[in-house]
Amino acid sequence: MPAIDRSALLFLVFGVVSLWLGAFFGLLGAWQQVMPGLFDVIPFVKSRPLHVSLVISWIFMVAVGGVYHYLPLLVGRPMHSPRLVRVHLFLWMILGLAVLGSYMLGRFGGREYWEFPPALGGLIAVSWFLLVYNFFRTAMQGRGPWPAYLWMWATGVVFFLLTFLEAYSWLWPRDDANVVRDLTVQWKAYGALTGSWNMLVYGLALVVMERISGVTEYARSRTAFLLYALGFTNLLFGWAHHIYPVPSAPWLRYLAYGVSMTEWILLARMIRHWRHTLDGAQRHQHVLAAHFLYASEAWVFLNLGLALLISIPAINLFTHGTHITVAHAMGSTIGINTMILFAAIFHTVDRVHGDTGTRVQYVRLGFWLLNGGLVLFWLSLIGAGMIKGWYTLMSDLSFQDIMVMVRPFLMSFAAWGIVLFVGITLLAVHASWALLGPFLRSRPVPVDRSTEAYNR
Amino acid sequence: MSYNMDLYRIDLSRIENMSHGRSTSFQGVHQRAIILVLVGLFAVQTALTWTSSTSVAPGRGSLSTQALIGRQLYQDHNCTACHQLYGLGGYMGPDLTNVTRAQGKGPDYARGIILHGTQLMPAQQVTPAEAGHLVAYLDAWASSGTYPIRSFDLTPWGTYLQMNDDARD
Ligand code: HEM
């Protein structure tokens with residue numbers, strides 16, 4: 001049984017810390033929106049990028065830590081270079097501090113989320129090269145056609161790097177600089193960047209599902225591969241649904257509309273197979289990880305439905321630029337990504353320690369606060385967006401007048417944010433304690449205690 | 001965002017059937033061929049997006065030297081945390097796409113707000129000259145089109161035609 005790599009676990013721990021800090025700044029930002037001037041030491045112009053960068057770091061830290069953690073188990077060999085994993089971890093810790101420092105000092109990337117002053121962006125690209133290299137050197141050692149999750153991870157690591165670099169292409173001076181092209185290329189990059197981290201996260205979900213069910217055929221089936229290919233197509237060609245109102249070339253918009261609509265297939269499949277999934281849930285009731293996966297399933301359903309609706313241009317006309325976009329962004333990063341990442345964390349904890357620790361009841365409480373809070377949080381944002389979208393298009397009211405009507409919804413959003421934050425705190429404390437246990441108690445390097453066979 | 005999470009769903013009943021008999025692995029050659037075709041098409045799309053992705057008339061939305069300085073200032077001061085352009089950005093403040101050309105607003109109005117702030121927007125730490133560059137940048141946006149799209153015709157296919165845009169080709 002291979003030893004568990006401590007650096008991979010540390011990625012998870014730092015990820016959890018990042019989530020907690022990120023949620024804190026989110027809560028601050030939410031209250032600053034309804035109470036301007038609140039806590040002026042860190043004004044909204046800083047709390048927002050702190051929030052978004054930290055919570056996205058949570059997704060990347062745990063997704064990448066998950067790859068480093070599970071890949072050796074899946075391939076049956078250690079990582080090609082464990083030292084590069086440590087270098088990567090070290091680089092990211094330095095980068096994390098540098099980003100926090102630069103935001104606090106008021107130095108921003110200033111374009112979109114996960115956008116930093118170019119020097120820091122360059123370092124992130126370098127650190128990512130290490131991952132790409134180490135990933136392929138390790139994954140190529142396995143035999144036979146790849147299971148879907150390896151394709152997903154390969155896609156995630158490569159396309160993150162490509163699109164992250166593309167997002168900085170504005171630095172390249174050109175004589176015919178144009179705002180419309182600037183924005184189009186930006187969203188081409190960011191749409192695919194989001195798709196890339198989703199590939200990492202869904203690959204992780206597939207692995208955890210496979211591990212807790214013991215069923216290894218699915219990830220190697222034709223269906224799994226074709227569904228992956230559908231997701232990949234959407235990553236590559238669906239991004240322009242983010243920029244329908246921008247006067248970019250019309251073919252881009254029609255392409256994105258057409259490609260986005262193929263995802264109804266996924267929704268239809270979910271509805272068809274819903275009952276079976278619940279059957280599966282009963283078999284694994286005792287596993288915390290399974291709870292998080294089933295929660296993510298419900299959120300996939302809700303968010304996919306919302307995403308499909310707002311990808312229809314005639315509906316997007318009303319929802320674009322409103323809080324419905326925020327509902328979409330946080331609904332999926334919290335409801336889907338965060339649930340899957342906690343599933344991976346608690347599955348790892350289970351395996352490393354042989355049990356889930358003693359405070360399962362707190363995890364359950366955190367789970368329900370997070371999910372229950374999120375429902376109302378999400379609905380508040382949708383409400384705010386509907387009001388803003390409708391009155392912006394259908395009335396002559398000014399921005400200020402419309403915001404007066406939106407305000408109660410934003411108050412409700414900020415209030416449910418407190419519940420969410422308490423839930424996240426419970427989960428973060430328990431998860432990091434459980435992950436850190438072996439280090440604090442200076443036990444020998446933990447080994448994989450599960451009896452599952454990892455070799456194909 | 002790409003929504004392929006359906007992938008990780010394991011439908012146990014079907015999988016048990018699969019393992020009893022039906023072939024479960026999809027040929028590696030087919031897999032690689034599909035990926036290659038997709039990546040090839042993506043390369044074409046990338047080239048087209050970088051070279052000819054706008055539908056605005058020549059000169060519209062182009063960035064002068066002043067406006068380029070303004071773009072850097074807009075980023076340095078993270079205006080995007082609170083403001084949107086074509087509906088993209090943060091949601092605390094209004095969309096700025098057309099502010100320099102909107103009725104009752106204009107360049108001087110924008111410059112005034114940037115320099116002095118309002119009850120809700122903090123005054124920005126910029127010099128009057130820098131405020132001018134920011135306004136030049138915003139004006140490049142204003143010249144490129146109209147947002148929000150208030151005058152439209154919905155089509156039966158779920159798309160819409162914009163009726164109030166004079167900047168398109
Ligand atoms: C305590 C709970 C949270 C609160 C109160 C909160 C609040 C906020 C606020 C106020 C914004 C800015 C919206 C605007 O510009 O008007 C935001 C954006 C965002 N949040 Fe959160 N947040 C929370 C947790 C999270 C978590 C856990 C994640 C992901 C794991 C997340 C992901 C995001 C993303 C991706 C955006 C960017 C949205 C966009 O640009 O459209 N949030 N959040």
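Between chain B and chain A, the count is one salt bridge, meaning a side-chain nitrogen of Lys or Arg within 4 Å of a carboxyl oxygen of Asp or Glu. The partners are B:Arg71 and A:Asp182, with their closest N and O atoms 3.0 Å apart. Keep in mind that this is a predicted model, where local features need pLDDT of at least 70 and side-chain atom pairs count only at pLDDT 80 or more, while totals for chains, interfaces and linings use all residues. Residues are numbered from 1 along each chain as its sequence is written, chains are lettered from A and ligands numbered from 1 in the order in which they are written, and side-chain values use heavy atoms, leaving out hydrogens and water.

Now for the rest of that interface. On the chain B side, 82 residues are in contact with 117 residues of chain A; contact here means heavy atoms within 4.5 Å. About 8900 Å² is buried between the two chains, and carbon and sulfur atoms give 65% of that. Buried area is the accessible area (1.4 Å probe) that two parts lose on being put together, summed over both.

B:Arg71 also leads us into chain B, as it is one of the α3(B) residues that meet α5(B). Helices (H or I, at least four residues) and strands (E, at least two) are DSSP runs, numbered from the N terminus. The axes of α3 (residues 65-76) and α5 (residues 128-144) of chain B come within 7 Å and cross at roughly 100°. These axes are lines fitted to C-alpha atoms over the stretch in contact, with angles running from 0 to 180 degrees between N-to-C directions.

Follow the chain into its loops and a few backbone details turn up. B:Asn78, in the loop between α3 and β1 (84-85) of chain B, has a phi near 50°, a positive value in a residue other than glycine. At 5% relative accessibility, B:Asn78 counts as buried, a term for under 20% relative accessible area (1.4 Å probe, protein chains only). B:Tyr86 lies in the loop between β1 and β2 (88-89) of chain B; its phi is positive too, about 50°, and B:Tyr86 is buried at 0%. Finally, the peptide bond from B:Tyr147 to B:Pro148 is cis, with omega near -5°, and B:Pro148 sits in the loop between α5 and β3 (152-154) of chain B.

Notes. Buried means under 20% relative accessible area, exposed over 50%, partly exposed in between (1.4 Å probe, protein chains only).
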